[in-house]
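Dear colleague,

I am passing on to you the structure that I have been reading, so that you can look at it alongside my notes. Please keep it open while you go through what follows.

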Amino acid sequence: MSGWADRTSSSRAFSEMLPTGGVGGAASHGDESRLEMLEDVIEGLSRTPKMIPPKYFYDEKGSRLFDEITRLDEYYLTRAETALMEEHAREIAGEIGPGALIIEPGSGSSAKTRILLDALIDPVGYVPVDISGAYLEQVAAGLRLEYPAVPILPLAADFTEPLDALPEPPRPPTRRIVYFPGSTIGNFTELEAERLLTRMRRMAGAGGGVLVGFDLLKSVEVLLPAYDDAAGVTARFNLNLLARLNAELGADFDLCAFRHQAPFNEAASRMEMHLVSVRSQEVRVGGRTFAFGEGERLVTEYSYKYAPEAFAALAASAGLAARRSWTDAGGLFCVQLLVPEDAAGGTAGGVPSPAVG
Ligand code: SAH
Ligand code: AVI
């Protein structure tokens with residue numbers, strides 16, 4: 001999936017297709033977001049193969065379904081990364097140093113961030129950034145109770161778009177650390193990931209760093225069930241996307257006429273999530289009609305799996321050097337501390353000599 005930010009269509013034309021009558025002169029933020037979603041969905045359904053960006057999974061129900069996924073036996077990623085963080089949090093916090101500001105794009109439940117916050121010395125603030133606004137507010141409220149000494153500064157935003165202004169903590173930070181756990185980086189193509197990491201490098205600034213978690217390439221015996229669990233939670237998560245488009249865009253997807261499928265694309269080193277049309281059918285979205293053939297696939301997500309060296313090379317293309325790299329005891333998941341390449345000599349973030357692998 002690529003080029004989602006490049007909208008060529010007229011927003012005004014699309015606004016008339018929204019179910020409640022469009023944005024008009026006094027558009028609310030909600031209207032603008034829905035309009036963008038409508039543009040993205042129409043553009044994505046016009047492609048071959050048809051695609052919808054995975055960021056639209058995360059309405060409030062989608063966020064809760066994702067949380068349920070993270071507790072599944074088959075979904076090893078969260079368990080492995082949590083174990084890694086529990087084992088290495090003190091060391092990671094030592095590398096980051098005191099007085100840091102932690103910014104987390106796509107913060108979700110902020111579960112692993114709690115492990116980091118517990119280990120950090122005197123963090124000046126935590127900025128969780130998430131597109132799922134209502135869920136973000138609930139998580140932020142919980143964090144304020146748990147961490148009364150840490151300013152919690154949530155930002156409801158799409159991190160793939162330029163962020164206008166990040167909330168400022170009351171005290172100036174010694175450095176900014178962009179924390180990007182959960183293998184969310186894996187949901188972007190390499191070109192998109194390079195752009196995103198470049199943006200994160202700029203956000204962290206010269207003395208800062210990017211702490212990123214990514215999933216390691218492994219056998220299909222482990223990968224396939226992780227994205228197609230026995231209880232069908234991942235299938236519900238995938239299909240909820242269509243329910244959301246029906247509810248928010250007035251689309252008429254028949255949820256019984258699409259089936260969840262999650263193949264491994266070996267050539268691209270990624271898991272993929274598809275919704276397969278079980279029959280030939282037409283679907284209406286925003287005044288447009290889209291034909292699906294029997295067996296036709298709607299691509300809803302890529303989830304790239306990396307070898308540590310391949311990820312370090314991707315980071316290098318974004319001007320970031322891997323200073324440190326940690327792997328969980330099971331060898332399933334990896335977290336790397338990336339610093340701007342010109343700081344790789346040893347001054348940034350109080351970080352000592354490079355050690356990747
Ligand atoms: N970082 C958390 C959550 C990972 S799930 C963890 O590791 O557990 C991915 C999260 O990113 C979800 O909460 C989703 O709402 C959010 N997200 C996905 N795409 C986004 C985007 N473009 N902008 C902002 N948030 C996004
Ligand atoms: C959020 N993201 C990293 C998850 C992943 O594994 O790619 C989303 C997910 N899709 C299916 N299960 C979980």
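What you have is a predicted model, in which local features need pLDDT of at least 70 and side-chain atom pairs count only at pLDDT 80 or more, while totals for chains, interfaces and linings use all residues. Residues are numbered from 1 along each chain as its sequence is written, and chains are lettered from A and ligands numbered from 1 in the order in which they are written.

Seven strands form an open sheet with mixed pairing, in the order β4-β3-β2-β5-β6-β14-β13. Because β4 (155–156) and β13 (320–327) each have a single partner strand, they stand at the edges, and one side of each is left without a neighbour in the sheet. Further in, β5 (175–180) pairs with β6 (residues 209–215) in the parallel sense over four bridges, and F180 has V212 in β6 as its bridge partner. β5 also pairs with β2 in the parallel sense, again over four bridges, with I103 standing opposite V178 in β5. β2 runs parallel to β3 as well, joined to β3 by five bridges, and P128 in β3 is the bridge partner of E104.

β2 is mostly covered, since six of its six residues are buried (20 or more other C-beta atoms within 10 Å of a residue's own, the C-beta atoms being placed from the backbone; 12 or fewer counts as exposed, and in between as partly exposed). On one side these are A100, I102 and E104, and on the other L101, I103 and P105. In α5, K112, T113, I115, L116 and L117 are buried, and the buried residues of this helix pack against α4 (76–96), β2, β3 and β5 (contact means C-beta atoms, placed from the backbone, within 7 Å).

S110, in the loop between β2 and α5, has a positive phi of about 55° although it is not a glycine, and S110 is buried, with 24 other C-beta atoms within 10 Å. D122, in the loop between α5 and β3, has a phi near 50°, also positive in a residue other than glycine, but D122 counts as exposed, with 12 C-beta neighbours inside 10 Å. Elsewhere, a cis peptide bond with omega of about -10° joins T48 and P49, and P49 is found in the loop between α2 (29–45) and β1 (50–51).

Finally, the ligands. Ligand 1 is surrounded by 20 residues (C-beta atom, placed from the backbone, within 6 Å), of which the closest are Y58, G106, G108, I131 and G182. The elements that give two or more residues to this shell are α3 (60–70), α5 (111–119) and β3 (125–130). The residues surrounding ligand 2 include I69, L77, Y227 and E301.

Best wishes

Technical notes:
Two residues are in contact if their C-beta atoms, placed from the backbone, lie within 7 Å. Two strands pair if DSSP finds at least two bridges between them.
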